[in-house]
Amino acid sequence: MTEQTIFPVTNAWAKQARIDRAGYDAMYEAATTNPGSFWLDQAQRLTWTKMPTIAGDWSFGKKDFHIKWFEDGELNVAANCLDRHLDSRGDQIAIIWEPDSPDAEPRRFTYRELHAEVCRFANVLTAQGVVKGDRVTIYLPMIPEAAFAVLACARLGAVHSVVFGGFSPEAIAGRIEDCGSKIVITADEGRRGGKTIPLKANVDAAAARAPGLERVVVVQSTGGDVTMHPRDVWYHEIAGGVSVDCPAVSVNAEDPLFVLYTSGSTGKPKGVLHTSGGYLLWAAYTHEMAFDYRAGDVFWCAADIGWVTGHTYILYGPLANGATTVMYEGLPNWPDASRIWQIVDHHQVHTLFTAPTVLRALMKEGDDYVTRTDRSSLKLLGSVGEPINPEAWRWYHDVAGGGRAPIIDAWWQTETGGIMICPLPGATALKPGSATKPLPGVTLQLVDEKGGVLTGPAEGNLVVTHSWPGQMRTVWGDHERFFQTYFSTYEGKYFTGDGCRCDGDGYYWITGRVDDVINVSGHRMGTAEVESALVLHKHVAEAAVVGMPHDVKGQGIYAYVTLNDGVEGGSDLHDELRAWVRNEIGPIATPDKLQFAPALPKTRSGKIMRRILRKIAEGDTSSLGDTSTLADPGVVDELVAGRIA
Ligand code: 6R9
């Protein structure tokens, strides 16, 4: 299959979709030529307590750098996701919760029931002293209470910071401290793939390193044994008898809604801050546009709410649009590779949104697991998190979707709040591996290393030239870092960190990160973070981490480690170091391969030549390029000889 393979808009979608090709072109044009009125119009999607009269007010320039959207508007995000639906669809299912075990019963919450649960949770948080503007760390498994907790914060105008359940105590502590949250909401244990995850015990360990933590609210989920400390309270004990009425606090559009930590190319993870009005509008707008969402569609984003995809497409987008959203506790391939398709059948899922890494893992198990299920409810398939390779695309399209459902390959980032580039099912012919075209309101450019703008078919670095409502507003506590990270490379433009190619039809093909961020199973990992974890070990002198191709994860982690004098690098230490990283950051950061190196290849000025390390990790040792600038070129031969195949 070449990139010339084109899948035209299907007849079914051509007939029913809201937006056709001409409609897309007109809308794109309107959003670009008159963004002010375009976005004030779009703002009508939300219910405001005070309607905004100003759309975007922003500058990416260094002198008067600022980003604001709908700055004179006021609203409550949870009321937009709940209260405003009560009259029209109070008895419609808002959330279908599918448990880890196929033998356990799913739970369903109508909009009315979800509203009550969120109000109850909000009242409990208020009783614990949470007020508007406070940060609340949420470290929960994929259980309904995760949705209640997130929306309860939004209802109070408190700022949630969800930490993925796979992160270690060390990582949790860092996030609690960085955003200064005094309260953590967790559960006794999580459950995934038949195994339990000791969430409460992890929070206990984190608390030792997070002196500012005052209160831990514990949701009983598995009923597993936990130790309760004086700072801990059981949710079910303090929620009994609490009112299910709770007024929604009206906030300014620019008041913070959440902080979500993400890896960058340097330093510790950044707290990406999203605000209330612009983010919610972007969530609602993109959910409707990208998936041509219609009332009644059952929407399943198979992500975890610990990642931005879960924030925007399990919760905020679907709920703002009054959808029925599926929340799944477990793994797509447990107990076996049919599980994901059985859930589709069971809940008659209309749109499935998942990641290429999941597809590659399922593909390996063979088609039988798929074809023995019905899947006729599936009308649309989404892909997100990393470039989708054409083989996985083809399999998703032909086998999983039976050739009927278009694939919405959606490119975006934690920083962008929601989807930026994707096909529209009724408007865009598909090319496997291309995220196709920007949504109306998204203005892209490709630039070369020096910032020169590339036009026509070209390959370069992807930038966004105009602000959009869903754009992050700052790095929590470090506005200067926000500017430096995203706006200093190319003056006056937002730099995505991604490389990209644009073809003759104006289709965008993301080629991957151009910075030191690697994409492991669709999750971002900073090489610097893994290196910092490794050098904390007493035997490690130096470490360099690079990405390598991995047939399921997309990219795997390859670590080169030099040891302190006198320490021998045997298999015990090898295993110990992998476990060490797992402990420091979490399982997703565990190096796939770890090579003990006598030294690292450095330039005379001491800079590690990562290009060479990448080539060796890839096994591409015939084309290492110029090594003459190295302080000790002999190091390279030793690294090649010791490569872990
Ligand atoms: C939503 C999300 C962002 C990085 C991004 C890019 C990669 C995401 C992609 C994609 C190619 C797609 N990425 N979607 N690459 N095609 N459809 O994943 O956010 O975790 O912040 O990662 O993921 O490299 O820069 P986040």
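1. Strand E8 and strand E11 (residues 215-219) run parallel and are joined by five bridges; strands are taken to pair if DSSP finds at least two bridges between them. Within this pairing, Ala187 has Val219 of E11 opposite. Strands (E, at least two residues) and helices (H or I, at least four) are DSSP runs numbered from the N terminus.

2. The model is predicted: local features need pLDDT of at least 70 and side-chain atom pairs count only at pLDDT 80 or more, while totals for chains, interfaces and linings use all residues. Residues are numbered from 1 along each chain as its sequence is written, and side-chain values use heavy atoms, with hydrogens and water left out.

3. E8 also pairs with strand E6 (residues 135-139), in the parallel sense, over four bridges. Here Val184 of E8 has Thr137 opposite.

4. Helix H7 (residues 144-156) and helix H12 (residues 308-320) have axes that come within 11 Å and cross at roughly 60 degrees. Axes are lines fitted to C-alpha atoms over the stretch in contact, and angles run from 0 to 180 degrees between N-to-C directions. The two helices are therefore oblique to each other; angles under 35 degrees count as roughly parallel, over 145 as roughly antiparallel, 65 to 115 as roughly perpendicular and the rest as oblique.
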